[in-house]
Each structure stands twice: as structure tokens, then as C-alpha cells.
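Please read it alongside the sequence and coordinates displayed below.

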Amino acid sequence: MSNVAFSAFVCLFFVCCSRAMPTALNQEAVNERPVIGILTQLVSDDDMKPFGRTYIPASYVKYIESGGSRVMPIRLTLTTAEYENIFKKINGLLFIGGAADLETSDYARVAKIFYRLALTANNVGDFFPIWGTCMGMQLLTVLVAGENLLANTTAENIAMPLNLTREAHSSRMFQGFPDELMKTLTQEPLTGNFHHYGVIVETFQENEKLQNFFSVLSTNVAENGAHFVSTIEGKKYPFYGVQWHPEVNRFQWDKRMNFPHSPHAIQLSSLLAEFFVNEGAIVSLSFPTTGTRSPARLGHFTAVIHLHRRLRLVGKHESDPAGKDSLWCIDAPVPVV
């Protein structure tokens with residue numbers, strides 16, 4: 001589901017695996033200042049277009065930052081050479097949820113570039129993780145299978161427990177989880193679901209590419225009775241996917257939405273954010289300390305976000321911290337000075 005349905009608008013202006021992970025991957029170096037890239041989505045709402053061409057729901061940014069990483073928004077309007085340059089300066093990549101064609105859109109095109117770069121890097125021992133949430137997980141299955149295998153698995157505005165598989169208990173994703181939380185995951189509705197499509201378990205089992213690439217860590221049942229894959233982890237590569245939304249547990253508050261906010265739901269979200277950022281911290285690559293994409297520049301844009309949050313409080317795109325989410329709008333037509 002698109003986060004736009006329950007989002008208010010605050011805009012940032014830019015100028016411009018399982019434990020069987022291969023031992024060949026270099027996991028010795030630890031980067032204490034990781035940067036996770038987040039792939040943006042194109043703006044389709046007319047009211048948003050004056051503020052930027054692409055956007056990221058703020059809950060994803062907060063989620064990654066809460067795990068101890070800085071964020072690099074990745075626009076959909078750059079060249080392949082520019083994406084290759086960005087890849088060298090980030091330590092992991094997040095594919096967010098939303099709405100886009102998973103085969104023909106710019107979102108899918110750019111994702112495929114980074115997916116192939118990540119495969120190559122991991123193949124030569126450079127650890128590079130990718131995480132997909134909701135549509136992002138769906139996108140990972142399309143990239144791996146080479147085709148769109150999605151079916152109707154509607155679970156709209158529903159919080160559910162997970163049906164954990166045997167592989168979940170030996171997985172990389174859940175290996176640091178307390179036994180109590182693993183048990184609670186199967187009993188309490190800790191995962192928020194806001195989707196209409198997914199990969200049915202039977203389809204996954206019949207697809208050799210998916211079977212060879214991913215382990216299924218959990219499944220769930222959709223409103224129409226379809227049994228769908230809800231959590232996956234790469235067998236060889238540090239690629240992870242969840243059909244549910246861990247970021248909403250701590251960073252979205254619309255009372256109309258079934259966002260899980262119990263203590264266990266908060267713990268789940270926190271542990272997963274820390275897990276993925278720690279995966280990124282394994283990478284020895286780091287942002288330069290000077291130049292147009294240095295951390296200082298990112299800090300400048302964060303200040304712009306705060307400024308425009310204050311400026312927009314009287315407008316129709318008011319941000320309600322106690323309710324709806326906010327958005328970061330990227331590629332504004334008017335430069336910031």
C-alpha cells in the first residue's frame with residue numbers, strides 16, 4: 001500500500017541471509033559511520049509536485065537512522081554512471097513500500113542497476129546488504145525470478161503474528177532475537193500489513209530461481225485465504241525482504257491504521273533496524289568527508305527539513321506528528337541557497 005494515503009507533506013529540497021553466508025565475504029572491517037541508501041519513488045500526487053519529483057516517507061528515514069545509520073536518498077533521474085558512483089559510497093540499500101510497476105517503472109529500472117551492482121560486489125567479497133519492505137520485497141522477487149509472480153494476497157490495514165518456518169530459527173535476520181520475542185512473534189499481531197499483492201507459497205516453491213536464492217522465514221494468510229510468503233532471507237547474499245512494515249511500529253501514529261505499538265512491536269522494529277544497519281556497518285566503504293555528497297551536506301538538508309516543517313504548519317500540507325506520517329520530497333524544482 002502507498003504511504004501517501006495516510007501521509008502529510010513535509011518536504012526536503014535538494015539542489016542538485018542465513019548463517020550459511022559465504023566465508024569469502026569480507027566481514028572483518030566495521031564502519032562506525034554507515035550510510036544506507038533509500039530508493040525514492042516518483043511523485044504522482046499533483047499537490048506534491050511543486051515540492052519535488054521524488055519522495056521518501058519519513059518513517060523509513062527515521063527507521064534507518066534509529067538503527068544508527070545516516071541516509072542517502074537515491075533519486076530516479078540519474079545516469080547509470082552516477083548510480084555506480086553512489087553505490088561506492090553507501091553501505092546498504094533499502095527498497096521501500098509504495099506503488100510502482102515492478103518491471104517497467106523508473107523505480108524498477110534503478111533498482112535493477114543497484115541489484116546487479118550488489119550481486120557483483122558480494123561475489124568478490126565486498127559485503128553489501130539489501131532490504132525490501134512490502135513492495136520492496138515484491139521487487140526483490142521480481143529481480144531474482146526475472147518475472148512478476150505476484151498474486152492477490154490482500155492484507156489491508158491488518159496486524160498479524162508470523163507463521164515462522166524452521167529456517168527462521170537458524171536465520172541471520174532473527175539470530176539475535178530473545179527466545180521470548182521469537183515466541184511472541186507467532187502469537188501477537190506485531191506486523192502491520194498494508195498490501196494487495198504478494199508471492200503465494202506454492203508459487204515460491206515451484207519457482208527454482210526463488211527457491212535457490214531465498215529461504216522463507218515466515219508465511220501468512222491473506223484476507224482471501226491465500227497463503228503468502230511474508231519474510232525472506234538470501235541463502236548466499238545478504239538480501240532480506242518483509243511483506244509487512246516494521247517501520248510503522250515506532251514511527252506512524254494515525255489512529256485509523258492498525259499500526260502495532262505494543263512493547264513487543266516496538267522491540268521487533270528496533271531489533272530489525274539495528275540488524276540491517278549492522279549489516280551495513282560490515283562494509284568498509286564510507287562516505288567522503290568532503291565534496292557534494294559528504295555527511296556535512298546531508299546534515300544541511302536535514303536542517304532544511306526542519307525549516308520547512310515549521311513553514312508548512314499553516315498550509316494544507318500540515319504535518320501532524322501525533323497522527324500522519326510526513327514525506328521527504330526530493331528534486332525540488334526551486335534550488336535551496
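At what angle do the axes of helix α2 and helix α3 cross? The axes of α2 (residues 80-87) and α3 (residues 106-123) cross at roughly 45° and come within 10 Å. The model is predicted, so local features need pLDDT of at least 70 and side-chain atom pairs count only at pLDDT 80 or more, whereas totals for chains, interfaces and linings use all residues. Residues are numbered from 1 along each chain as its sequence is written, and side-chain values use heavy atoms, with hydrogens and water left out.

**Helices α2 and α3**

- The two helices α2 and α3 are therefore oblique to each other (angles under 35 degrees count as roughly parallel, over 145 as roughly antiparallel, 65 to 115 as roughly perpendicular and the rest as oblique).
- Contact, meaning heavy atoms within 4.5 Å, is made by Thr80, Tyr83, Glu84, Ile86 and Phe87 of α2 with Arg109, Val110, Ile113, Phe114, Leu117, Ala118 and Ala121 of α3.
- By class, this contact of α2 with α3 has 9 nonpolar, 1 polar and 2 charged residues (Ala, Val, Leu, Ile, Met, Phe, Trp, Tyr, Cys and Pro count as nonpolar, Asp, Glu, Lys and Arg as charged, and the others, Gly among them, as polar).

**The buried side of α2**

- Tyr83, Ile86 and Phe87 are the buried residues of α2 (buried means under 20% relative accessible area, exposed over 50%, partly exposed in between, with a 1.4 Å probe and protein chains only).
- These residues lie on the same side of α2 because they cover an arc of only 100° around the axis, the arc being that of the directions from the helix axis to the C-beta atoms.
- The packing partners of the buried residues of α2 are β4 (70-74) and α3.

**Helices α1 and α9**

- The axes of α1 (residues 58-66) and α9 (residues 263-281) come within 8 Å and cross at roughly 70°.
- Helices α1 and α9 are therefore roughly perpendicular to each other.
- Tyr63, Ile64 and Ser66 of α1 make the contact with Ser269, Leu272, Ala273, Phe276 and Val277 of α9.
- This contact of α1 with α9 comprises 6 nonpolar, 2 polar and no charged residues.
- Buried residues in α1 are Ala58, Ser59, Tyr60, Val61, Tyr63 and Ile64.
- Gly68, which follows α1, has a positive phi, near 105°.

**Gln243**

- Gln243 lies in the loop between β12 (239-242) and α8 (248-251).
- The relative accessible area of Gln243 is 0%, so Gln243 is buried.
- Leaving aside neighbours within four places in sequence, Gln243 is in contact with Cys134, Met137, Gln138, Asn193, His195, Tyr197, Gly198, Phe228, Val229 and Ser230.

Methods:
Axes are lines fitted to C-alpha atoms, for helices over the stretch in contact, and angles run from 0 to 180 degrees between N-to-C directions. Helices (H or I, at least four residues) and strands (E, at least two) are DSSP runs, numbered from the N terminus.
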